[in-house]
Amino acid sequence: MKTFLSTLSSAGIGIFFLASCSTATSPATSPASKDYQGEPFKDNTFAVAPQTIPGRVMCAAYDLGGEGIAYHETTEKNHGSGGLNPADGSYLNEFRISEAVDISYTKEGLDDTPDNLAAPDLGMFYIGWTDPGEWVNYTVDVTETGTYSVQFFCSAETDGAVSLSVDDEDVTGNLPVASTGSPHRWNLLTDFAEVRLEKGLHILTLHTQEAGKMNYAWFNFTPFIPNRV
Ligand SMILES: [Ca+2]
Ligand SMILES: [Ca+2]
């Protein structure tokens, strides 16, 4: 069975090409990020850092830097890595185990049922145990200035809401995330948001605004194409 990790690995080749042609290694250019102490997350699986827009931003690959810098958590424990998923030396169960952001991954027989509104890859990391007031930062490299459509791959036990900030400025207001009926019933929210982004490095922040026991897997940013009348 094709897993998320294999999908990401193959996709990473193309993304790396984009990053290598961009200003990925230049210093942060946005005023709000001058004093930012966080850094893009990188490991053997998430090899492209920072994550690039247009493209997919993986929620579990939030920045390094810890509490108050790269994220804010209401619970110090990681409820997924080392919690629900016991520490066993495996990459999946111990992913970012020492950090407070709660991370789990999709599993066969639990997350791949026919009930899904959109089918997830297996072994796909996601942020769960989300509470209002929590946030995570992503250093992103925007390769082209423009307006972007945002899609969100997520689930929610009850109706919740999130918002997105760019360089500490709220650019969306509250974005409703409708209940999917179960935290393991996944959906792809198309037309989730539209955001204007300038070329360069920016800090994208995902805020949990309203409780919904939401799980966050990834965002996809694509150039906005207006409807023709
Ligand atoms: Ca936590
Ligand atoms: Ca949490």
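Along the chain, the donors of the calcium ion (ligand 2) follow the spacing E-x28-D-x26-W-x4-E. Donors here are N, O and S atoms within 2.8 Å of the metal (3.2 Å for Na, K and Ca), and water is not among the atoms, so sites may look incomplete. Keep in mind that this is a predicted model: local features need pLDDT of at least 70 and side-chain atom pairs count only at pLDDT 80 or more, while totals for chains, interfaces and linings use all residues, and side-chain values use heavy atoms, with hydrogens and water left out. Residues are numbered from 1 along each chain as its sequence is written, with chains lettered from A and ligands numbered from 1 in the order in which they are written.

Which residues hold the calcium ion (ligand 2)? Its protein donors are Glu73 (OE), Glu73 (OE), Asp102 (OD), Trp129 (O), Glu134 (OE) and Glu134 (OE), at 2.3 to 2.7 Å. The six donor atoms subtend angles of 49 to 165°, which makes the arrangement irregular. For six donors, octahedral would need opposite donors over 155 degrees apart and all others between 65 and 115; four donors would be tetrahedral with all angles between 85 and 135 degrees, or square planar under the rule used for six, and anything else is irregular.

The calcium ion (ligand 2) sits 4.0 Å from the calcium ion (ligand 1), and Glu73 coordinates both. Glu73, in the loop between β3 and β4, and Trp129, in the loop between β5 (125–127) and β6 (135–142), are 56 residues apart, so this pair links distant parts of the chain. Strands (E, at least two residues) and helices (H or I, at least four) are DSSP runs, numbered from the N terminus.

Thr75 and Asp102 both lie in the loop between β3 (71–72) and β4 (103–105), so the pair ties together parts that are 27 residues apart in sequence.

How covered are these residues? Buried means under 20% relative accessible area, exposed over 50%, and partly exposed in between (1.4 Å probe, protein chains only).

| Residue | Relative accessible area | Class |
|---|---|---|
| Glu73 | 8% | buried |
| Thr75 | 25% | partly exposed |
| Asp102 | 0% | buried |
| Trp129 | 34% | partly exposed |

**Salt bridges**

With a salt bridge taken as a side-chain nitrogen of Lys or Arg within 4 Å of a carboxyl oxygen of Asp or Glu, the count comes to two. Glu99 pairs with Arg96 at 2.9 Å, N to O; Glu99 is buried at 14%, and Arg96 is buried at 7%. Arg196 meets Glu198 at 3.8 Å, N to O; here Arg196 is exposed at 53% and Glu198 is partly exposed at 42%.

**The chain as a whole**

The chain has one helix and 13 strands. Of its 229 residues, 47% count as buried. Taking a contact as heavy atoms within 4.5 Å, residues 24 or more positions apart account for 76% of the contacts with a separation of 6 or more.

On confidence, pLDDT (the predictor's confidence in each residue, from 0 to 100) averages 89 over the chain, and 84% of the residues score at least 70. Residues 1–29 stay under 50, and the model has 37 contacts beyond four places in sequence for them.
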